[in-house]
Amino acid sequence: MERKTRVRFAPSPTGPLHMGGVRTALYNYLYAKQHGGDFILRIEDTDSHRFVPGAEAYIIEALRWCGIVPDEGVDADGKMVETASAQHPHAPYRQSQRRAIYRQYAEQLVENGYAYYAFDSAAALEERRAEAERAGQTFLYGLTTRDTLRNSLTLSAEETERLLRETDSWTIRFKMPAHTVVKMDDLIRGHIEVNTDTLDDKVLWKRADELPTYHLANIVDDHLMEITEVIRGEEWLPSLPLHYMLYKAFGWEDTMPRFAHLSLLLKPVGNGKLSKRDGDKMGFPVFPLQWVNAEGETSHGYREDGYFPEAFVNMLAMLGWNPGTEQELFSMEELIQAFSLNKVQKAGAKFNPDKAKWYNREYLRAKRDEELTDLFIPVLQEQGITVTGCPKCPVSADFAAKEFSWNYVRNVVALVKERATFVRDFWTSAACLFTAPAEFVQKDVDKFWKPEIKEQVRQAAAHLLDTGVSFEKETVGSSLEEYIRAQEWPMGKVMNALRLALTGAASGLGIADILSFIGPEEFRARLSAAEM
RNA sequence: GCUGGGUUCGUAUAACGGUUAGUACUCAAGAUUCUCAAUCUUGCAAUAGGAGUUCGAUUCUCCUACCCAGUACCA
């Protein structure tokens, strides 16, 4: 029977969402949308000790910034749906609010002989682990050891009853069946087989906080929420046999979701998975949004660092997946069309910060000058520049008052767009079109500030000013070049020195461009400021 | 250690069992310009190693090496 596609992203609110997590969410989202299905956001907060305030809100905001909008789990106001309703029969979507659901399922497994009560103290288990380690082995609570531990399998029914009643730190463990080869299929990795004798009896439910562990909560919720495909990180692959066995124990095999395990995102250099430290060390964000932790330490975010969400999403989508064509630029719509799980790479992908920047540059270039202008204005305001007027107002520039018209800014954007990766780069390359240089690059001063060159610059400038030539780019540019050429002065030296006087550095925008933007008056002012 | 997963230029990746192993990023050189950037052109650079199957292996099988994950009353 064909079921409606329903996939979920189920993060744990233990900190900010890592870019690898965003990729997992993205692939889930793309898969759901491609199949006309639903994308569900479920919060797996069953670990009361690791809960981090603000993490859930961060996850929701990060996904929204990326354009990954859940169909369920978060309502239109961005609030979690707290109770089940006609629109949301599967609510709530926060596992801490579903705690009442899980215990009965755990007990059901005990009744049917698939699970048992375990009374071992943390200290006792710790001791057994240490003992095994001394013998060079790994302790597994399972087939070979469960008969030697304190649980309802070894204790009398009366004793079990008593402990259940009188103590409050017992757990329910899954009784992993012996000598069984679990045959599994993964949408990305293909067929996998594991012998259950190598597996342990995982804790499913804890009396101490009356909360399930991941394994139980996950299977129960995926079943109740009618999930059809589970697309998650590779770290879950080792527990896939357990999950298969749980579906079997519950008798839910016929509606068991299909599984796809995504490889991890690796650090750019060296080995190992991408971590917060790598980002700090190499100067790139690992988080979609900026995050300030409890100690007040700030981690960079793609959003705050100036990346466009479309570029971030596009870059992430291509990390471990490819369309089978040479197309590299994809809108979300195109990704939904082209995405396919069997084109997802099995091996982990090393993240490449340079490629991320390349994507941003491509998206920046594709944006209209008008849009970029609006994005640039806040950067200008931070620099004390006032932007006046509207897209329909005439171009004007008042250098003394640091006031420029919207269209002047748009012209600047059009000029420097090609040399930028981020919007803030507009300022780096075009500050001289708004303000006179505050200082001069010493190296360039040493190289070009020679008496004879200064004299040539002075005369060339005087020529432009005296002839009253128009400061249109073409006219002023050719007039200047013709003059220098006619004098048989070294073009490069004079031009570089002029640029140094005007902008504070010998390299940068073309002289003709600079002149056409600043006009004769500011030209004169800057020359005298530079003591020309 | 054990169990599972993985391995094509530095990076991301392409290649019905048959290609001079392709593309993009990075890097280098050249062209262009008053400089820088951009742009254009060119270049550097890979099938982890070894067996086997096959007329033929990047592709299938096995072994070795290396990498990753899991091995919690965390997810």
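1. Ground rules. Local features here need pLDDT of at least 70, side-chain atom pairs count only at pLDDT 80 or more, and totals for chains, interfaces and linings use all residues of this predicted model. Residues are numbered from 1 along each chain as its sequence is written, while chains are lettered from A and ligands numbered from 1 in the order in which they are written.

2. Confidence. For the complex, the predictor gives an ipTM of 0.95 and a pTM of 0.95.

3. Domains. The bounds come from an automatic or database domain assignment. Chain A gets domain 1 (6-93 + 264-350), domain 2 (96-262), domain 3 (367-433) and domain 4 (442-529). Taken over C-alpha atoms, the centres of domain 1 and domain 4 are 51 Å apart.

4. Elements giving two or more residues include helix H4 (122-134), strand S6 (190-195) and helix H19 (511-529). Helices (H or I, at least four residues) and strands (E, at least two) are DSSP runs, numbered from the N terminus. H18 gives the most, with five residues.

5. Main core. Which residues have the most contacts inside the largest nonpolar core? They are Leu26, Ala106, Leu216, Phe312 and Leu316, in a core of 83 residues. Helix H1 (residues 19-34) brings the largest share, nine residues, and domain 1 and domain 2 each supply at least three. Such a core is a set of buried Ala, Val, Leu, Ile, Met, Phe, Trp, Tyr and Cys residues joined through C-beta atoms within 7 Å. Buried means that 20 or more other C-beta atoms lie within 10 Å of the residue's own, with C-beta atoms placed from the backbone.

6. Second core. A separate core of 46 residues includes Ala430, Phe471, Ile484 and Ile518.

7. Helix H13. Eight of the 11 residues of H13 (residues 406-416) are buried, so this helix is largely enclosed by the rest of the structure. Among the buried ones are Trp406, Tyr408, Asn411 and Leu415. The buried residues of H13 pack (C-beta atoms, placed from the backbone, within 7 Å) against elements including helix H12 (369-382), helix H14 (424-430) and H19.

Terms used. Buried ≥ 20, exposed ≤ 12 C-beta atoms within 10 Å, placed from the backbone. Contact = placed C-beta atoms within 7 Å.
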